[in-house]
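Subject: Handing over the structure

Hello,

Here is the structure I promised to pass on to you. Please open it next to this message, and I will walk you through what turned up.

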Amino acid sequence: MSSSSSSSTSANPDWAWLPENTLFLIISHLFLLSDIFSFGSVCSNWHSISKHRLKTLNISTNNIFFKKGLPLLLIPTTPTTDSDGENTENTRSLYNPATGATISDLNLSVPYNNRCIGSSHGWLIFIENVSFSVTLFNPFYFGNSKAGTIKLPPFQEAGVVRQMTQAFECDFFSDYFICKAILSADPCSCNDDGYIVMVIQGDERRLSYYKSGDAAWTYIQPDQQVFFDIIYHQTYFLGVNFWGEVYTCDVKSNTPTFMRVTESVPGPLGETTRRYIVGSPDGCTLLQAVRLVHTCHCTENDPIIGTSAFNVYRMQAKTGTGTGTGTGTGTGTGTDLFEWVPVNSIEDGALFLGDNYSTFVKPSEFKNIISNSIYFTSDYHDVSAMYHKPYQFGGYKDNGIFLIKDNMILNHYVSPPENKNLPPPIWILPTI
């Protein structure tokens, strides 16, 4: 019997009581915050090891209450000098829209003073000012700065832009060269196909993409298209243009295909609108949100951009037949199979819009999130922004919650005056 018992013990070791030095060695190789939390959820012994690890990383879990799947607002930390004498200007905090409070026990190291050009799958996307190289950065990696950083190739325009700005003796802010950047998948958990970064770039707002492993960016130049937003839907990218038309972009092959699939959206056009395309969590519904903005010349330094309302449309199959064409790096023709129908309710839905990946959540799954609403942040970026940062004088003030049914705007995060010259906050989905 003792032989059988010994064999059973050997075959089924008690992992909960591995030696402490072994557990410390294991957790020292975990850098993603969610992995450390998962480690601590195994049992009480592993939990105590994870608490010790978090303490060494200066992370307190006392007030870290947020639910996976809810976008949080990445906000600047008020510049101070902490107890160790270190300046906090390169740290960021998280603001929880469900509680209306800042998560003060989790300061994230985000050592960038420039605007974040995108937030997707928990990763932040930045562009370097001189080389125009792009960096993917996951702020939820701790203890090893390299683990959550991916360097991508530079854009080819860097030299040309430098020559132009020198010739005209003007400044150029490369963080506005990219209007928006998104990822097709989390680079750390994607399948063998890897991930793709798609961006809207330059004053022409054309599309470019980078496939993981490529040596350079690939440019797509549709005829006379000016894009406002992009998402990754099922197996391809969707982009919405100036007219509210949606194009599919399949970049899996060496010859990308590009075609129009919807008609335009009637309504106001021009510099007073911005457009977003959003997919529901189940992938069955596509919405287009049209943001109406106004300019207030009420300061002597800089005009203030403000949102006045949103119009929301749902995509549905057309009853008639229409035709359209679209061309890209590859060629293709498409039929407008879908049209946009205005709606005054998205029912159990809330949209999170701005420079981030446009996101749809179900408020029924998140306490205190308002249904049939749009949570939005400042995302002003037209051609002039490349030469004059819009938040440089007046700061970012265009944040709020738009109630679709009531056609009114509520406040959410209000930035303190000392942060007025810092880049605007951005929604992020924590990888936790």
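A term to begin with: a residue is called buried under 20% relative accessible area, exposed over 50%, and partly exposed in between (1.4 Å probe, protein chains only). Two notes on reading the rest. This is a predicted model, in which local features need pLDDT of at least 70 and side-chain atom pairs count only at pLDDT 80 or more, while totals for chains, interfaces and linings use all residues. Residues are numbered from 1 along each chain as its sequence is written, and side-chain values use heavy atoms, with hydrogens and water left out.

Let's start with two asparagines. Helices (H or I, at least four residues) and strands (E, at least two) are DSSP runs, numbered from the N terminus. Asn372 lies in the loop between E23 and E24 and is buried, with a relative accessible area of 12%. Asn368 is found in the loop between strand E23 (359-361) and strand E24 (373-376), but at 53% relative accessibility it counts as exposed. Most residues other than glycine have a negative phi. Phi is positive in Asn368, near 75°, and in Asn372, near 55°.

Next, the interior. A nonpolar core here is a set of buried Ala, Val, Leu, Ile, Met, Phe, Trp, Tyr and Cys residues joined through side-chain atoms within 4.5 Å. The largest one has 46 residues, and Leu353, Phe310 and Ile374 are among those with the most contacts inside it. If contact means heavy atoms within 4.5 Å, Leu353 touches residues including Tyr276, Phe310, Ile374 and Trp427, leaving aside its neighbours within four places in sequence. A second, separate core of 29 residues includes Leu73, Leu74, Ile75 and Phe126.

Now to strand E25 (residues 400-403), which is covered on both faces: Gly400 and Phe402 are buried on one side, Ile401 and Leu403 on the other. Two strands pair if DSSP finds at least two bridges between them. E25 pairs with E24 in the antiparallel sense over 4 bridges, and Phe376 stands opposite Gly400. Strand E26 (residues 408-410) also runs antiparallel to E25, joined by 3 bridges, with Ile409 as the bridge partner of Phe402. E25 and E26 form a hairpin with 4 residues between them, and Asn407 in the turn has a positive phi of about 55°.

Finally, the charged pairs. A salt bridge is a side-chain nitrogen of Lys or Arg within 4 Å of a carboxyl oxygen of Asp or Glu. How many salt bridges does a search of the whole structure find? It finds 7.

- Asp355 and Arg115: the closest N and O atoms are 3.1 Å apart. The two residues are 240 residues apart in the chain. Asp355 is buried at 3%, and Arg115 is buried at 0%.
- Lys180 and Asp229: the closest N and O atoms are 2.8 Å apart. Lys180 lies in strand E8 (residues 178-183) and Asp229 in strand E12 (residues 227-233), so the pair ties together parts 49 residues apart in sequence.
- Asp398 and Arg291: their side chains meet at 3.0 Å, N to O. Asp398 sits in the loop between E24 and E25, and Arg291 in strand E17 (residues 286-296), 107 residues away. Salt bridges that share partners join Arg274, Arg291, Asp379 and Asp398 into one network.

Happy exploring, and do write back with any questions!

Best wishes
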